[in-house]
Amino acid sequence: MSKTIVFFGNERIATGVTTHVPTLRGLIEAGYEVKAVVSNFEQGQSRKSRHLEIEEVCREHNIPLILSEKPMDILERLQDYNAAAGVLIAYGKIVPQKLIDIFPRGIINIHPSLLPLHRGPTPLESVILDGSAKTGVSVMKLVRAMDAGPIYAQSEVELVGNETKQELADTLLSVGLSMLLEVLPGILDGSIIALPQDEESATYDSLISKDHGAIDWNKPAANLEREIRAYAEWPRSRTTLANKDVIVTKAHATASSLPQSQPADIATVDGDIAIATSDGILHIERLQPAGKSEMTAQAFLAGHKHLL
């Protein structure tokens with residue numbers, strides 16, 4: 001059984017998160033020969049313009065890193081590697097069927113959701129925004145249709161309701177690696193067969209835009225708290241306090257209300273910045289004023305309480 005792999009993606013499985021590239025590192029440590037890494041990197045977009053972590057791993061292990069705008073431009077180069085399979089996680093591009101077909105065992109995709117739920121580009125953000133009690137990881141066979149391939153293995157992850165996006169990304173990457181290392185030998189020798197998804201149960205997540213980060217105080221406080229976690233790092237939850245543009249980085253919601261208040265009314269409660277919403281109060285714990293470092297609400301109040 002050949003253990004040769006071409007790796008696709010950068011392992012940034014949500015907007016704004018960082019990664020220690022555990023999947024690629026795990027494959028290397030498990031003895032798989034990674035012939036090349038094909039990644040996606042475009043300057044000028046906040047999610048992608050940061051340092052590409054996977055580049056360090058390629059350099060450490062002398063693995064060719066291919067950054068290509070169009071997958072078909074590298075078809076012949078990938079054919080020359082004669083790899084048994086591809087492994088893909090957070091690639092961000094549709095892979096043409098002709099390219100998938102060059103691998104005898106196809107391309108194996110790690111998707112951070114319980115497929116067929118949450119197909120699309122934002123499964124982590126979506127389960128946080130939905131207040132879901134669980135999510136998970138699916139290892140599937142890549143097909144041309146987005147996240148629609150048959151599934152080799154799937155694992156659930158319980159959510160406690162206060163995990164950050166980065167924490168959830170780290171957890172799902174770790175779970176995905178364990179699953180991949182367990183099923184990959186069987187995929188390569190043909191003993192594990194993927195099962196089709198239930199198309200009637202499929203749901204699709206939408207892209208997140210910068211506009212989603214503008215806090216709408218007419219929403220319930222619980223929803224805004226989820227947005228702050230889901231939009232961390234990008235697009236970030238933004239509002240104005242004391243005539244200052246600020247990014248809210250941590251908050252909690254309570255069901256109580258401010259006396260005779262309307263959404264967006266502000267008060268200080270036990271040293272917190274408390275803001276009325278359509279349902280409940282959002283208590284801001286940490287924030288980052290424009291041009292400043294992140295700070296506690298108490299530190300912000302020390303300089304601006306007279307303006308609130």
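These notebook entries record what I looked up about the backbone of this predicted model.

**Entry 1: background.** I began with a general point: most peptide bonds are trans, and most residues other than glycine have a negative phi. I then looked for exceptions to each.

**Entry 2: cis peptide bonds.** Which residues does a cis peptide bond join? I placed P116 in the loop that runs between β5 (107-111) and α5 (123-130). I noted another cis bond from W234 to P235, where omega is near 0°. P235 belongs to the loop between α7 (221-230) and β8 (237-241).

**Entry 3: V21.** I turned next to phi. V21 is not a glycine, yet its phi is positive, near 55°. Where does V21 lie? I located V21 in the loop between β1 (4-8) and α1 (22-29). Is V21 buried or exposed? Its relative accessible area is 1%, so I recorded V21 as buried, the cut-off being under 20%.

**Entry 4: A242.** I traced A242 to the loop between β8 and β9 (244-254). Because its relative accessibility is 8%, A242 counts as buried.

Conventions
Residues numbered from 1 in each chain as written. Predicted model: local features only at pLDDT ≥ 70, side-chain atom pairs only at ≥ 80, totals over all residues. Heavy atoms only, no water. Helix = DSSP H or I, 4+ residues; strand = E, 2+ residues; numbered from the N terminus. Buried < 20%, exposed > 50% of the residue type's maximum accessible area, 1.4 Å probe, protein only.
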